[in-house]
Amino acid sequence: MIVVRSRFHLFLLLLSIFFSTATAALQVSTSLSTMAISKVGDHVTVVCALVLNDTNSGEDVNYTLKCASVDDVNRTVETYPSGDSFYYAGISAGDGFLCGLSDNYEGDISVMRWWEFPDLAENRNETKVKRLFHGPPILKLSSGDSHVCGIIGVDRRIDCWRWIGFDTRMVQSNLTDIAVGGNFVCVILSNGNIKCYSDCDEETSGVVGHEPTGTFATVAGGDRHACGLKDTGDLYCWGDGAPKSKDYFNQIMTDRYTSMALGDNSTCAIRENETVACWSNEKDDDEGYYSSSESLRSSKSFLSITAKGGVFCGVERTMYCMFCWRGRRSEPGFSSKYSVRRPFDRVLPGPCVRGCDKTMEGAGRLCPAKTSICEVTLAPKTPPPSGDTEGTEGKIESTNGNRERKKIEMISASILAGVVFISVTVFTIFKYRQRKLRRGQVIHVAKPLPFDMPGVYGKIRQELDQTVDERVTELIGRGHSTILENYTFDMLLKITGNFSSENIIGTGGFGSVYRGLLDDGREVAVKRAEQPPSTSGSRITSYNRYKEKKNAFMAELGLLTHLNHRNLVRLIGFCREDVELVLVYEFMANGTLKDHIHNTPKSPISSWKTRITIALNAARGIDYLHNYAVPAIIHRDIKSSNILLDDKWTAKVSDFGLCLVDPICNDDGRDNVDGYSYTSLRTAGTLGYMDPEYYRTHCLTTKSDVYSFGVVLLEILTGCKAIHFNGDRAETSFDGDVPRNVVDFAPQQIENDALQNVLDRNLPPPRQSEIEGVQILADLAVNCVQLEGRKRPGIADVVRNLELALDACNGNQPFFRSMTAHSA
């Protein structure tokens, strides 16, 4: 169920529904492929595919990337691993190289590797591999003979590799598809129009500047031509290598197509009935080119198709077999006797992606969790206009870009008003937030370190350059309500005395916290990530530890830029330079609740009313995270050391490095309907505070935070640490060397009406006016630490009970002792 918490979120929801509806019919094809063809030298054709394993290995991914040469002799099959925690999302290839695109299981990171095949004619026999990309998700990928381009990230921008001289800045963002040809790249813009670009001043293949008009779903590129496919299945090709035969012009007037593949001077497309039609760019010569494969193409049902040079390959539906055929008379690997090849069986029939409108029948178990193979669906086709349709070839060819104009005008007229309204509204919101953003500092991307830098830093740099800087810029660029300052590292060195140990005010898993004084007189707390050693110890361990700190840095930065509550510690700014990760917070003058309970005998919070007030402050901060932040946030590390006190003794929750956005499970312990597996979540938190139900089930809910806060309430009540030794309470009847959890003894005493036995002995006994409030606090703590999450109160009930306890301390007796009850 979707809960809309404000008019603005309702607006965004309607906006997303509008555009998803408007583009739903355009999901005819994808630029990710499970097959690829590479020409190695003049005599070798290599075909690659994501091949299903013969038996289910029990792993998340049940297919492997394999390549083999298509020739008349025995083939050697090579296998290429995807890497730990990643699966292949698609592959692409060009002359002498293969690109493998891997995604992680969360779908927020892509890695692209480049393999350069050895050319035996040049006496090279080793395959070279290089990682080209590690960063935000690559949504589309396409290769030409020498170049690779893709659509990246939430802004769906273009990026290209191995293409010196091509300026991607001239291509706008919000792209829906991409295709790389010989010396050009074509994209589909957000409005469905095709636009092509080249790195040459004068593009000579007849592609750039000759794009057809209209709204297209997908685009493909060959060496000297390009083709576009509409959501209705209408095919349009242009350029010097485009089909010119009468069969082509006759068939595109009557048939509908679901996908296409382009070679050097030839084109093939899958019809709606799943047979394949092929054409050359020579008039009346299709039969000579494709007669040898006609029987195969007309008798098999194909699901996907790819091409390179003069070779075409497709995956048929029945057994997912991969068939390849030549698109010209002479092609390496194809003799006159063997004009059709079958290099692999059981090929993945399509890319595993997220968000299919319709899943391919029978392919539900082939993909990793949360992904599936999309079934191609075509929009209804508008009947052709009445009149003479017997026009000559020249008339048909000259109207390739115009014959849908009436349909476009009708569609445009119906949605134009809505699009204009939405565009103006979004632009107004954007400009307003940009004006607010200008009051902050400009985000500066850190200078890159050399990739050959020794130790763990070089590896860290390669990943952080692609992820952290882009994520930081994205977060700040969204125009969140909180304006952050981007401090230079030199500035932070100055205000902390070169991070002097004398200025350390705390330490934790992330690193040390330093006191600093800004030029304007403000005191701040500067939290600096601990630097991993580059020469000693395990580099892998150092890298993993630093990666955890990077994730914590991004979590806090991402959350605190749009969280604003008086009981949450406020983030003022940050620093990201080289491998330095630093967060700057408001200064909390009175330290942590933990120190005042356990380490400060004469603490100013040595009254029950003050302690209940502090507990209420912290509960309100958690309540904001659970019930008012959109989406809901689970802190995962509530403890007394993460509750800080400002100069007015107001308590604020801090340390959001382990926070999780949205529950993994519902409060009744069941999985969320989105299908995310709770067993994949890494256990995190602090011993003594962690929810025991989370230990058993790895099922994390807001009730896990309630349990942790219940432990904090027991600390406030008893003065004992979460895990302590019996001797800490000077009880001679117990063995002082045995550690125990405060949950193991305090709740039992409270339930037996022996509250006086567990109260903190550093505080005076409750006054008559405080007794009722302390009893409510004790009952509430017991209910919060129930073993079953469903029996614990929600944080909103916790807040109401603490308000009752404080009222009682102020002399306002509640109608009953506690509102907290075990949930049924």
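## Asp655 and its contacts

In this predicted model, Asp655 is in contact with Lys527, Glu556, His635 and Asn642, leaving aside its neighbours within four places in sequence. Asp655 sits in the loop between β33 and β34 (660–661). Its relative accessibility is 28%, so Asp655 counts as partly exposed.

Asp655 also carries a label from a record. The UniProt annotation "binding site", from an unreviewed entry, covers Asn642 and Asp655. That annotation may be inferred rather than shown by experiment.

## Asn642, the other annotated residue

Where does Asn642 lie? Asn642 is in the loop between β31 (633–634) and β32. Is Asn642 buried or partly exposed? Its relative accessibility is 6%, under the 20% cut-off, so Asn642 counts as buried.

## Two residues with positive phi

Most residues other than glycine have a negative phi. Two residues here depart from that pattern. Trp649 has a phi near 65 degrees. Trp649 lies in the loop between β32 (643–645) and β33 (651–653). With a relative accessible area of 27%, Trp649 is partly exposed.

Glu274 has a positive phi of about 75 degrees, although Glu274 is not a glycine. Its place is the loop between β19 (266–271) and β20 (276–280). At 17% relative accessibility, Glu274 counts as buried.

## Helices α11 and α13

Two packed helices are described by the angle between their axes and the distance between the axes. Helix α11 spans residues 608–627, and helix α13 spans residues 702–718. They pack at an angle of about 170 degrees, with their axes 11 Å apart. Angles over 145 degrees count as roughly antiparallel, so α11 is roughly antiparallel to α13.

Which residues of α11 make the contact? They are Trp608, Arg611, Ala615, Ala618, Ala619, Ile622 and His626. From α13 come Thr702, Asp705, Phe709, Leu713, Glu715, Ile716 and Leu717. By class, this contact has nine nonpolar, two polar and three charged residues.

Definitions and conventions: Residues are numbered from 1 along each chain as its sequence is written. This is a predicted model: local features need pLDDT of at least 70, side-chain atom pairs count only at pLDDT 80 or more; totals for chains, interfaces and linings use all residues. Side-chain values use heavy atoms; hydrogens and water are left out. Axes are lines fitted to C-alpha atoms, for helices over the stretch in contact, and angles run from 0 to 180 degrees between N-to-C directions. Helices (H or I, at least four residues) and strands (E, at least two) are DSSP runs, numbered from the N terminus. Angles under 35 degrees count as roughly parallel, over 145 as roughly antiparallel, 65 to 115 as roughly perpendicular and the rest as oblique. Contact means heavy atoms within 4.5 Å. Ala, Val, Leu, Ile, Met, Phe, Trp, Tyr, Cys and Pro count as nonpolar, Asp, Glu, Lys and Arg as charged, and the others, Gly among them, as polar. Buried means under 20% relative accessible area, exposed over 50%, partly exposed in between (1.4 Å probe, protein chains only).
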